[in-house]
Amino acid sequence: MKKIIVILTVLLTAAGCGKPAEEAMRGIVLSVDDLESVDWAALAHDSGINTIGTHITPQQVLAFTGSEKGQRFLADCRRYGIAVEHQLHAMSELLPRSLFDVDSTMFRMDSTGRRIADYNCCAHSPAALDTIAANARRYAALLPSDNHRYYFWVDDNKPMCCCPLCRDLSQSEQALIVENSMIRAIREVDPQARLAHLAYIGTMSAPRKVAPADGIFLEFAPFYRVWDRPLREENAFSPRPYGRGITHGDYLRHLRENIEVFGTEDAVILEYWLDASLFSNWKKPAVRIPWHREVFEADLETYASMGLHNVTTFGVYMDSTYFANYPDRGFLREYGTTR
């Protein structure tokens, strides 16, 4: 009997049945200002949130994690079993703008044929790719991710390169060239590393001419949707002046097309259900978050139907002032525990 049990255990493990499935991400992305003024490790633990993404830039996060408060935050997250990752606007630190005077060809060419050091890079500059990859490797060592997911975003919604080699590539394809270079370097310090390809505004369309390297996963951020109607209502669209008339149906199409390229394994949905900064038009004092549990639950069903179970949301501006003005935290529990 014991021999039969052992054989069954081996067979079930080989089939993937003997190993518990990895817990799906239920995360929140917070700025260092939020983390400095609120005990977010305890709040996340009490709310069922299992992942916290720090934000905004690598240097800001390094300063926080190196501080006494930051060290206490990291220790508390370890104690509660909360994974800490870092979702970062990083390009200006991966390719410092000061290098323009050294080699202007590392930087993007605008539509007039002029090299300019405002945003992003030239995706066909070996020097730019080497510099970005080296700095990504350095920051990955300084800011390791508990779940081995790394996020070093290009300057999203900003122009990319129009040089003769880049101009026939979409923004998604240019970003993917840079990401493919970064993941190889990051894996030198974290062999299990995975790197996000952020599909967001300019990079929303799926890349066709460039294939993702091993370790690149999809992060999908439907920024121009509305949050009082579920994503499955395909005709819904944002009335905001800069919403560009993108409908929920457009987002679902983009998501399906990106899944065709990147697959669903490790994919992460980056939402805005709890983004006080967005609902406050990025001005403080923050307004109360318009939480719609029924929309959230419907969105989870939509994403799950497509094989997507890792979700996180921006929660920026939920600092001590926010909770002093709006003490109720029940919506966090609903967000963290609803499956």
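Q: How many residues does helix H7 hold, and what span should they cover?
A: In this predicted model, helix H7 runs over residues 126-142, which makes 17 residues. At 1.5 Å a residue the helix should span 24 Å, and its end C-alpha atoms are 24 Å apart, so the two values agree.

Q: Which residues touch the most other members of the largest nonpolar core?
A: In soluble globular proteins, nonpolar side chains tend to be buried together. Here the largest nonpolar core has 106 residues, and those that touch the most other members are Trp40, Ile52, Phe152, Trp273, Leu274, Met318 and Leu332. Helix H8 (residues 171-186) gives the largest share of this core, 7 residues.

Q: What is Phe152 in contact with, beyond its neighbours within four places in sequence?
A: Phe152 contacts Ala136, Tyr139 and Ala140, and also Leu88, Ala90, Leu94, Met182, Ile186 and Leu195.

Q: How many aromatic pairs does the structure hold, and how is one of them read?
A: A pair of aromatic rings is described by the distance of the centres and the angle of the planes. The structure holds 20 aromatic pairs. For Tyr151 and Phe217, the ring centres are 5.7 Å apart and the planes stand at 90°, so this pair is edge-to-face. Tyr151 belongs to strand E4 (residues 149-153) and Phe217 to strand E6 (residues 216-220), so that the pair links parts of the chain 66 residues apart. Both residues are buried.

Q: Which residues do ring pairs link into a cluster?
A: The cluster consists of Trp153, Tyr200, Phe223, Tyr224, Trp227, Tyr272, Phe279, Trp282 and Phe314.

Q: Where do charged side chains lie over rings?
A: Arg149 lies over the face of Phe217, 5.9 Å from the ring centre. The charged end of Lys284 sits over the ring of Tyr317, at 4.9 Å from its centre.

Q: Is Thr338 buried or exposed?
A: Thr338 has a relative accessible area of 8%; buried means under 20%, so Thr338 is buried. This residue lies in the segment after helix H13 (330-337). Its side chain makes a polar contact with the side chain of Arg293, at 3.5 Å. Not counting residues up to four places away in sequence, Thr338 touches Arg26, Arg293, Phe296, Glu297 and Leu300.

Notes: Residues numbered from 1 in each chain as written. Predicted model: local features only at pLDDT ≥ 70, side-chain atom pairs only at ≥ 80, totals over all residues. Heavy atoms only, no water. Core = buried A, V, L, I, M, F, W, Y, C linked by side-chain atoms within 4.5 Å. Buried < 20%, exposed > 50% of the residue type's maximum accessible area, 1.4 Å probe, protein only. Helix = DSSP H or I, 4+ residues; strand = E, 2+ residues; numbered from the N terminus. Contact = heavy atoms within 4.5 Å. Phe/Tyr/Trp six-rings, centres within 6.5 Å; stacked < 30°, edge-to-face > 60°. Lys NZ or Arg CZ within 6 Å of the ring centre and 35° of its normal. Expected span 1.5 Å × (residues − 1). Polar contact = N/O pair within 3.5 Å; in protein donor to acceptor, adjacent residues only side chain to side chain.
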